[in-house]
Amino acid sequence: MQPRNSGEMMKNPVTATSDLERWRALDAAVRGWWDGDTRTAQEADIREDPKGTLLFLPYPYSTAGGAESNFPEMYGWDTYFINRGLLLHDRANLVRAHILNHLFMLERYGKILNGNRDYYLTRSQTPLLADSVYRYAWSLSDPQDDLALLMRAYSLVSAEYRGYWNAPHHATPVGLATARDLGDPGLRPELASEAETGLDFCALYGGDVRRCAPLIVNCALARAAQVLEWLAKVLRRPEESDAWRRDADARAARIRRYCWDEGEGTFLEYDVTKDVRLPYRSLCAYWTLWAGVATPEQAAQLVSRLPDFEEPHGLAFTPEAYASPHPEFRNLQWNHPAAWPPMHIIVTDGLWAYGYRDEARRVAATFLQTVLDEHDRTGKLWEKYNAVTGGHDIPLERYPTPPHHGWTSAAVAVLGDYLYGTADE
């Protein structure tokens, strides 16, 4: 199925013209930021790096931050969302460079690092490269126009899927993957492993993600297997394509079996050691829509529970502020009332894919309004927002909210596209 970067025009009849004009102005600004946010990690950059920890990458990359945010690294899952914005802004060249950098990491390290710093060598992040490859291919005049890249990606992403995410250190008895850091000396093992999901730090896993089969990771792996099925078909390997389809279907079935809670009407995190679903709800449940894992009946229940997350200024990551399982963190950044740009992209994607167009527009419109308002007030984009107040102030000891381009720039482009359909004009 062709990704939704093109297709039918989408209009929101209740969105005011002034909001459209404000969005167009900010989207135009974002278009002009990509080059300014682009860095390199070549030999000269490594010699001049003040931290002395930068790892080599052969191609330029767009960072997660803007000029003030001091995020010069190329991150694992952040880059997927950045790619979404870049494709809408006709920057497939930079998306291609991102893909090649991540393929280089797979060749050198056997995984896509959390980021290109030496202290990230022990872990990856939620695996989203496969979907970037798919969307990049569909941005071309013909998806097979860059066949050499597709061949290389198929080989390396297959190896990562089997040799890292399904290796013994990530395997669980139920056939789903866990998250596991392989030795970060700067964090306790359970905290470092939680960081591999990208959700550092949260209450969802009861304090130790290594006991769990994280929804976010396994939905991404289900999607990766779907893309690998497609790539094998493009490369005329029908038997391998069939095998990947079976793998994707089997993982989706396991997610439904172990993570779906009929009484709660949602997907929950599953503790494989205790054979129980944990009582913490989050927007990770909606990754099952993004990955096509949920049944239509499950999707309908997820949509009915969506108001539990809806606050005046966006979707809070959790419907309530869960107590921290980590003694050193009283306040968790992946918790109520934080409204995260990447989660709004995923939820909107999933709602749209299952035919819930009005709900998708509502989610996109509410959060985009918050981003526009806070940009008007501060002149900046921010890493995350407060879904209750609409500002960017969230009480956090370790991770105060920084100015941020990256996935927030992408959210401006993607959510605006869902509302106004400018990519189709």
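## Arg152 and its partner

Arginine 152 is partly exposed in this predicted model, with a relative accessible area of 27%. Which residue does arginine 152 meet in a salt bridge? The partner is glutamate 107, and the N to O distance is 2.8 Å. This pair ties together distant parts of the chain: glutamate 107 sits in helix α4 (residues 92-109) and arginine 152 in helix α6 (residues 147-165), 45 residues apart. Glutamate 107 is partly exposed too, at a relative accessible area of 48%.

## Arg210 and Glu190

Next up is arginine 210, which forms a salt bridge with glutamate 190; their closest N and O atoms are 3.9 Å apart. Here again distant parts of the chain get linked: arginine 210 lies in the loop between α7 (189-196) and β3 (212-213), while glutamate 190 is in helix α7, 20 residues apart.

Is glutamate 190 buried or exposed? Glutamate 190 counts as buried, because its relative accessibility is 16% and the cut-off for buried is under 20%. Arginine 210, on the other hand, is partly exposed at 26%.

## A pair within one helix

Aspartate 242 and arginine 245 also join up in a salt bridge, at 3.0 Å from N to O. Both belong to helix α9 (residues 238-259), and they sit three residues apart, so about one helical turn separates them. As for accessibility, aspartate 242 is partly exposed at 31%, and arginine 245 is partly exposed at 33%.

## The wider picture

Some salt bridges share partners, and these join Arg188, Glu190, Asp208, Arg210 and Glu328 into one network. Across the whole structure, there are 28 salt bridges.

Key:
Residues are numbered from 1 along each chain as its sequence is written. This is a predicted model: local features need pLDDT of at least 70, side-chain atom pairs count only at pLDDT 80 or more; totals for chains, interfaces and linings use all residues. Side-chain values use heavy atoms; hydrogens and water are left out. A salt bridge is a side-chain nitrogen of Lys or Arg within 4 Å of a carboxyl oxygen of Asp or Glu. Helices (H or I, at least four residues) and strands (E, at least two) are DSSP runs, numbered from the N terminus. Buried means under 20% relative accessible area, exposed over 50%, partly exposed in between (1.4 Å probe, protein chains only).
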